Amino acid sequence: MTLRTACAIANPNIAFIKYWGNRDPTLRLPSNGSISLTLGGLETQTTVTFDESLSSDHVSVDGQPASASTSERVSIHLDRIRLVAGFDIYATVESCNNFPVGAGIASSASAFAALTMAGISAAGLSLPPIELSRLARRGSGSACRSIFGGFVEWYAGDSDEDSYAESFASADHWDLQDLIVIVSQEHKGVGSTQGHVLADTSPLQSARVADAQRRLKECRRAILERDFFSLASIIELDCHLMHAVMHTSTPSLMYWYPETLQIMSAVTKWRTDGYHVCYTIDAGPNVHCICTNEHADSIEEQLRHLPGVIKILRAHPGESARVVTALK
Ligand code: PMV
């Protein structure tokens, strides 16, 4: 019996310029390009073992058998990997996260980046990072950014071939910190895959997409010049635009909790007081407070005193996804 196995680690990422809505949902071609920071300190570790004795795929997440919908999504992604590998062998997939999944911390990004990398390696293949990024994109759009470390841009592209991510500044370019303020650990009601479908029902989506190139350019510039206050303005504007689209979709999506708004308002005040801090929020109620390393301890201390804060996770610029076990 031949076992082919490999293990990979990938970090999640936080989008500064958000991906919301697809031009092509099957290929996951996004409506607009996006920019993110890969989050070191948070990780998904995934082992894929192709095993000729199996009669179906077996998927576990954090030591528990995965739900039927997660298993199906993983199997569909394994089919993409099997197509590239040119074989038809089922696999066991064991995935572990060191952070809560499904609460707006982009667990699908690290999950599908790690799955892609482990699966390709277990199949005995080696693909260039851009090819891994294209493949990971098919599993979860934001996963294409988690193949890379540091500051990453996903080019929307026009087709499967040219929709991929690349790093434009390394993890050590700017020591930003992400204080992820957890106000709920519940699994979110409407996941991003369903949410993307609703984006075009909002009359605001076309305006958000039409202005995306300008925001991408401004965000890239602010990062390359380490211009914190410009970065703060563009990140918060982009976050508000995405949530405005969510709020005005049919049906409407509202991810914020009262605590979310309290944190947004506190961060705005702290920035007015001169602190290097701003916020962004994905498809969940938890708030990512982006700050410079210089101000991170002080901001974390002040966040701890806000009502409803369950815990604060801290992340720093992270490295690219990597294989940690050689092919057996
Ligand atoms: O990759 P998905 O389908 O989980 O979508 C990610 C959506 C957001 O996290 C809200 C924005 C982004 O660009 O990461």
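Select D273 first. With a relative accessible area of 47%, D273 is partly exposed, a class between buried (under 20% relative accessible area) and exposed (over 50%), found with a 1.4 Å probe on protein chains only. This is a predicted model, where local features need pLDDT of at least 70, side-chain atom pairs count only at pLDDT 80 or more, and totals for chains, interfaces and linings use all residues. Residues are numbered from 1 along each chain as its sequence is written, and side-chain values use heavy atoms, leaving out hydrogens and water.

The term means a side-chain nitrogen of Lys or Arg within 4 Å of a carboxyl oxygen of Asp or Glu. By this rule the count is 19 salt bridges.

Next, select E153 and R220. Their side chains form a salt bridge at 2.7 Å, N to O. E153 sits in strand β10 (residues 151-154) and R220 in helix α7 (residues 212-224), so the pair ties together parts 67 residues apart in sequence. Helices (H or I, at least four residues) and strands (E, at least two) are DSSP runs, numbered from the N terminus. E153 is buried, at 6% relative accessibility. R220 is partly exposed, at 25%.

Move to D297 and R314. The closest N and O atoms of this salt bridge are 2.9 Å apart. D297 belongs to helix α10 (residues 293-304) and R314 to strand β15 (residues 311-317), so parts 17 residues apart in sequence are tied together. D297 is exposed, at 55%. R314 is partly exposed, at 29%.

Last stop: select E131, R134, R137, D160 and E161. Salt bridges with shared partners join these residues into one network.
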